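Subject: Structure for your files

Hello,

Here is the structure I said I would pass on. My notes follow below it.

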Amino acid sequence: MADNFRAWDIKLNQFNRLKLEEEKIKFLLEFAIRAPSTHNSQPWLFKLGDSSCDIYLNPEKRLPKADPTERDIFISLGCCIENLIIVSGYYGVLKQVKFYNKNSKNLVAKIVFDFLSPRKEIKSLKGLVTAITYRSNSRGLFNSKKIESRIINRIKKILGGFDLKIHCIDDRETIVKLAGYTAKGLLMAHSDKEFRKEMADWIIGNNSSRLEGIPTYSMKVPNIISPIFPLLIKQINLGKILSRLNFKSIASAPLVCVITAKKNSSRNWLKVGQLAERVMLELNKNNIKTSIYLASVEMDGLYRKVMNVLGTTYKPQFVFCAGYMDEKFKPTPRIPLEEKIL
Ligand SMILES: Cc1cc2nc3c(=O)[nH]c(=O)nc-3n(C[C@H](O)[C@H](O)[C@H](O)COP(=O)(O)O)c2cc1C
């Protein structure tokens with residue numbers, strides 16, 4: 001397996017054979033780094049301690065154009081933390097999770113493990129842990145199969161804290177409205193040359209050996225234009241085409257989930273990431289594909305329209321579609337864990 005895809009080659013039963021604490025923490029972190037992140041920027045760094053792991057925000061991965069408020073970088077870190085919580089819970093070694101405030105020099109959270117007197121494996125988490133090993137952000141059209149209401153009801157019950165809400169939208173009219181706002185957001189974003197320049201730096205050709213960024217295959221770009229696609233994004237405003245494609249994908253989804261928060265704060269954004277990842281994995285576990293589209297909540301003014309449609313005073317933070325797709329998705333690359341350890 002090529003180095004950039006090594007993170008995906010993992011077997012669940014390896015954990016109990018590991019002897020050293022450090023090996024065990026590294027094994028758990030292999031699951032953490034499979035989390036989604038903006039532009040696949042993988043903005044996390046880890047410092048291993050005695051039975052613990054500190055999680056840092058990597059300031060070099062900030063995206064001033066795509067993420068000026070830093071909401072997305074914290075959401076990405078929240079997704080990573082949630083993977084770590086799920087997998088260490090599954091193996092019965094999770095002791096404590098501690099969060100730090102924004103002034104802690106990029107230190108975001110500490111996870112404390114208990115390897116000496118581990119609790120029993122939490123078998124009910126096995127489906128989520130397995131889903132981490134095959135999850136992907138699945139762009140494209142959904143087929144017409146509906147999601148059973150028992151699954152939707154289950155995800156509505158997943159709690160992200162008092163100041164977060166999850167809105168599950170399955171009526172066509174509202175889904176089409178949200179698709180329209182996303183399309184508009186993309187048009188606005190791509191009309192900005194500086195945004196396109198930053199974005200182009202994070203798109204990688206299909207045969208690239210780069211360890212971060214979005215491969216063109218995962219954006220459904222035809223092979224023939226894959227090598228020049230980053231240049232096209234940078235030089236030409238493809239906003240119209242991209243917004244039409246995104247509109248179609250979202251409008252085909254049987255379910256759109258929007259996570260809202262009482263207020264914007266880095267702590268809430270971490271929670272949003274945790275809730276989003278938990279809910280997406282719960283769906284993935286049931287063979288349901290998920291696809292993230294944040295353009296409608298990122299652009300000025302549009303997020304208010306989303307609030308109106310949802311009938312909430314909470315601020316929209318994260319939007320993803322869910323449904324069934326017939327194709328299999330190839331994973332995106334990851335920077336090997338060793339390079340992420342301080
Ligand atoms: C906070 C956040 C925002 C994202 N925004 C978008 C988006 O607006 N459009 C999109 O196509 N993908 C979006 N993504 C998905 C990432 O591009 C994707 O997770 C990344 O390329 C890694 O690929 P993978 O999720 O398949 O492993 C977002 C992911 C995160 C965590």
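A residue is taken as near a molecule or strand if one of its heavy atoms lies within 4 Å of it. The model is predicted, so local features need pLDDT of at least 70 and side-chain atom pairs count only at pLDDT 80 or more, while totals for chains, interfaces and linings use all residues. Residues are numbered from 1 along each chain as its sequence is written, and side-chain values use heavy atoms, with hydrogens and water left out.

Ligand site

There are 18 residues around the ligand, and Arg135, Asn137, Arg139, Leu294 and Arg334 come nearest. By type, the shell has 6 nonpolar residues (Ala, Val, Leu, Ile, Met, Phe, Trp, Tyr, Cys, Pro), 4 charged (Asp, Glu, Lys, Arg) and 8 polar (the others, Gly among them).

The protein buries 90% of the 620 Å² that the ligand exposes when taken alone (Shrake-Rupley method, 1.4 Å probe).

Domains

The chain is divided into domain 1 (3–136) and domain 2 (149–323), with bounds from an automatic or database domain assignment. The domain centres, taken over C-alpha atoms, are 22 Å apart. Between them the domains bury about 3,200 Å² (accessible area lost on being put together, 1.4 Å probe, summed over both), 61% of it on carbon and sulfur atoms. On the domain 1 side, His39, Lys65 and Arg71 lose the most area to domain 2, together 22% of what that side buries.

Each domain also supplies at least three residues to the ligand shell.

Regards

Notes. Buried area = accessible area lost by both parts, 1.4 Å probe.
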